[in-house]
Structures are given as structure tokens and as C-alpha cells.
Amino acid sequence: MKRPEHLPDFTAPPLDEVVLGVQFAPVPSYTSVASRDVWELFKDEFPTVQEQPLLQPQFETFGGSNIQPSFQFQVGAPPVGSRLWFLSAEENNLLQFQSDRFLTNWRKHPNLQPYPRFEAIAEAFEKNLILLASHFQESLSYTIDINQAEITYVNNIPVDDFNEAGKWFSILSGSILNIEGLNTNFNETISDENGKSYARLFHAIQSVYTIDGRHRAFNLSLTFRGKPFGNDISSAIGFLKAGREAIVMRFQQMTTDAAHKHWGIKG
Amino acid sequence: MRQVSSVFQNEVPNLLSSESNTSSLPLRSARVRITQPRSRWVAELKDRFDELTALPQGWDGYAGRPVSFNCAQFAANLLERLFVESVPAPQIVPGDDGTLQIEWHQNQFDIEIDVLAPYDVCAVKRDLRTGLVQEIELEIDFTPLSGWIADLGQVQTQAMRTGA
């Protein structure tokens with residue numbers, strides 16, 4: 001996998017976390033007992049297991065007069081089972097699995113590590129997804145049927161004062177506002193070459209504090225989510241690549257030239 | 001670089017908007033934005049969705065399956081997007097294969113939406129006044145359906161004005 005040349009590149013991007021994931025039609029008759037076999041696929045690289053609450057299905061649809069983004073709606077009895085986290089030894093890499101989801105996270109913390117770049121994360125995710133799909137096929141006679149994919153970039157931008165927002169975000173550049181705190185969410189629809197909507201790009205900017213409450217930062221989160229053109233793994237990876245491009249381009253457009261210089265923009 | 005905790009955001013309530021229900025998962029995980037439904041339709045149909053997803057196997061006297069959670073979730077999402085205040089909530093009818101149908105039959109219009117699976121939807125509109133029948137297949141863009149519902153809303157409003 002090669003980095004597209006037209007994308008802006010930074011020596012020290014403020015990335016804190018990257019998430020790649022797919023949602024698929026639930027594996028029929030899957031039970032928690034089968035999760036042990038799933039972990040066996042990955043445990044050499046991800047030796048630690050944690051349990052987390054299940055993620056509810058999410059569907060991005062378009063059209064209609066109610067422009068509220070997708071929502072979560074509990075149908076029937078509370079879901080049983082759990083989502084499993086498989087953590088790497090240093091805990092910076094994570095796989096998340098439940099009967100209709102598979103995600104991977106790269107995290108800058110807890111052990112500070114340089115960003116391995118999208119290509120490396122996506123290649124590893126594709127390899128692991130193929131492994132999981134083969135296991136489904138061989139052990140459960142289930143062909144993976146991907147109905148949604150998503151990619152998220154979470155950035156943390158340390159600041160001395162939230163009033164510096166205009167220094168970092170071009171959409172606030174030149175603002176006369178004396179910003180005390182920031183909590184902004186907006187989303188846009190992404191269309192294919194025929195003008196047909198197929199994904200949604202969610203933006204969120206929040207002012208946050210360090211755990212001790214003494215230092216401040218802006219948290220900029222960009223999520224690209226929607227239905228890949230096909231229901232197979234290669235379509236999902238193609239969707240994630242498109243999402244990465246959209247996110248990186250928007251990141252550059254939303255942030256200022258001074259910020260780019262601070263993060264070491266190349267070229 | 002200083003370590004920043006995104007989890008800490010939850011402890012600073014003044015930085016969260018009143019309608020945001022963002023949940024930070026523990027231990028620096030990815031956050032998931034959770035939005036609650038706002039439409040009257042979904043609120044009114046909640047019990048019906050619960051009922052249909054809890055149908056026993058063979059509920060129809062044959063091999064009928066309960067409505068799948070995935071179909072129900074997708075249908076609820078779709079209804080939330082299509083909601084029009086002037087149109088009453090539709091009826092929801094189970095299919096025998098885990099699918100469901102959303103139906104309006106009013107003011108000389110029939111609209112039937114078959115949710116076969118997430119992103120796999122067939123819809124039929126019958127105008128009983130003209131005999132015109134339209135049929136469409138949809139995946140992710142429900143703009144045509146939105147037009148049908150808007151038409152239904154317009155007819156409903158006119159009917160209410162004329163007392164029909």
C-alpha cells in the first residue's frame with residue numbers, strides 16, 4: 001500500500017488515535033464460547049484480553065427531511081455478550097471484536113510511540129480481517145457480509161489558552177471571539193463521482209484538559225463512515241482509503257498554515 | 001508532549017453540549033457518538049419493534065422467524081430520517097423470513113416499504129385515485145421515499161383542512 005502523493009504529509013502530526021473498523025451482518029448462531037477461537041487467531045500479537053460493552057449497530061442513510069445523523073435505538077431485550085479487546089503487549093495497538101464488528105485502534109499512549117502511518121495500520125487490519133473472515137468461513141460456514149466501514153482520526157493539540165483557537169483552526173482564524181471553551185460538532189455528506197451520497201464525515205472539536213487539570217488542549221476528531229460499494233474486504237479497504245484521504249484533506253483545510261508549520265508539513 | 005486524557009472530557013460537563021451524548025469508553029479507547037431518536041414515529045413504535053423481534057420461531061404457524069435485530073435497527077434509523085410531523089406513524093408488519101414491512105394506508109395512498117436487510121430496501125407506492133403504481137429499490141439514499149412521505153403529509157394536511 002503506497003501513500004498517495006497528493007496528500008499533505010507532516011513530520012509530527014498531532015495524532016493521538018486512529019481507528020479503522022467494519023460492521024457486518026451478525027454471524028449466525030454465534031455465542032461467547034466461540035470467542036476463544038477468535039482470540040486464538042490473534043493472541044501471539046495481542047496477548048491481553050479485556051471485555052467491553054457491546055456496540056449497537058449504526059447505519060448511515062441519506063435523504064429525508066430529518067438531518068439528524070444515525071442514532072442508536074435499543075430493540076428488544078438488552079443485548080447479551082460483550083465486545084472483546086485484544087491488546088498488544090505495549091497496549092498501543094488494539095483489536096476490537098464482537099459478532100458484527102471488527103475494529104483496530106492505534107493509540108499514541110500509554111507507551112509513547114511514533115505514528116506508524118495509515119498504510120501500516122491498514123495493511124495490518126486487512127491481514128487480520130482476512131484471517132477473521134477465513135475463520136468464519138471454515139468454522140462457522142459464514143461468509144463475511146460487510147455493511148459499513150469507518151475510519152476515525154483523533155488529534156490532540158496542546159494550547160496555553162483556548163483563546164488560541166484561531167491560531168490552530170482556519171475556520172476560527174481572525175475571530176474576535178474570546179473563546180473560553182469549545183464544543184463544536186458538524187457533519188457533511190460525501191458523494192461519489194456521480195453525485196450519489198455514500199458516506200458521512202463527522203467533525204468534532206472540543207476543548208479538553210489534562211488529567212491534572214493544569215494543561216489544555218483542543219481535541220479534533222474526524223470520522224468517515226458509510227457503506228462500502230461492495231460487501232467484501234477489498235471494498236471495505238477501498239472505502240477506508242477514501243475515508244483517510246477525505247480526513248487528511250479536511251484536516252489540512254481546517255487548520256492554519258502556522259499550525260502546519262508547527263507540525264512540520266513536508267514539501 | 002503532555003499527556004491529554006480524552007476520557008477527562010466527561011468530567012468537565014460545561015464542555016459538553018446539552019444534546020451530546022458522547023460516551024468515552026474507558027482506557028483511551030475510540031469514542032462513539034451516540035444520538036437518541038427524536039421523532040414521534042420511533043417513540044410510538046418502540047413497543048411494536050420489541051414485540052416483532054421477540055416473536056417465537058414459527059409464529060405464523062409455519063417456519064416464521066422473528067424480525068432480525070439488524071432489520072429492526074435499520075428500519076428505526078430509516079423512519080427517524082423520513083419522519084414528517086403531519087404524517088401518523090406507520091404500521092409495521094413482520095415478514096416470515098426475519099424481514100419487516102413499513103406501511104401507510106391512508107388518504108387514497110398505499111406506501112409499503114420492505115426492509116429485507118440493512119441497505120436492502122424495496123418500496124411500492126399506489127395512488128388509488130389514479131391507479132398509478134411506482135416501485136423502487138433503495139440502498140443508502142432514501143430521497144425518493146422522502147418525496148413520497150412528503151406527498152402523504154401534504155394530502156393529510158389538505159384532508160384535515162377540508163375535514164375529509
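This is a predicted model: local features need pLDDT of at least 70, side-chain atom pairs count only at pLDDT 80 or more; totals for chains, interfaces and linings use all residues.

Residues are numbered from 1 along each chain as its sequence is written, while chains are lettered from A and ligands numbered from 1 in the order in which they are written.

**Stop 1: the sheet of chain A**

Axes are lines fitted to C-alpha atoms, for helices over the stretch in contact, and angles run from 0 to 180 degrees between N-to-C directions.

**Stop 2: strand 1 of chain A**

Select residues 15–24 of chain A. Strand 1 of chain A is mostly covered, with 10 of its 10 residues buried. A residue is buried if 20 or more other C-beta atoms, placed from the backbone, lie within 10 Å of its own, exposed if 12 or fewer, and partly exposed in between. Towards strand 6 (residues 146–159) of chain A there are 9 bridges, in the antiparallel sense, and Leu15(A) stands opposite Asn155(A). Towards strand 5 (residues 101–107) of chain A, 7 antiparallel bridges are present; here Val22(A) stands opposite Phe102(A).

**Stop 3: strand 5 of chain A**

Which residues of strand 5 of chain A point one way, and which the other? Arg101(A), Leu103(A), Asn105(A) and Arg107(A) lie to one side, Phe102(A), Thr104(A) and Trp106(A) to the other, and all are buried. In a regular strand the side chains alternate between the two faces of the sheet. Asn93(A) has Trp106(A) as its bridge partner, and a hairpin connects strand 4 of chain A to strand 5 of chain A through 2 residues.

**Stop 4: helix 4 of chain A**

Select residues 233–254 of chain A. At 1.5 Å a residue, the 22 residues of helix 4 of chain A should span 32 Å, and the end C-alpha atoms are 31 Å apart, which agrees; the expected span is 1.5 Å times one less than the number of residues. Its buried residues, among them Phe239(A), Arg244(A) and Phe251(A), pack against strand 1, helix 2 (118–140), strand 6, strand 8 (197–209) and strand 9 (216–226) of chain A. Two residues are in contact if their C-beta atoms, placed from the backbone, lie within 7 Å.

**Stop 5: chain B**

Chain B contains 3 helices and 5 strands, in the pattern α-α-β-β-β-β-β-α along the sequence. Of its 164 residues, 35% are buried. Select helix 1 (residues 40–53) and helix 2 (residues 69–82) of chain B: their axes come within 11 Å and cross at roughly 170°. That crossing makes helix 1 of chain B roughly antiparallel to helix 2 of chain B, a term for angles over 145 degrees. Trp41(B) and Phe49(B) are among the helix 1 residues of this contact, and Phe69(B) and Leu79(B) among those of helix 2.

Conventions: Helices (H or I, at least four residues) and strands (E, at least two) are DSSP runs, numbered from the N terminus. Angles under 35 degrees count as roughly parallel, over 145 as roughly antiparallel, 65 to 115 as roughly perpendicular and the rest as oblique. Two strands pair if DSSP finds at least two bridges between them.
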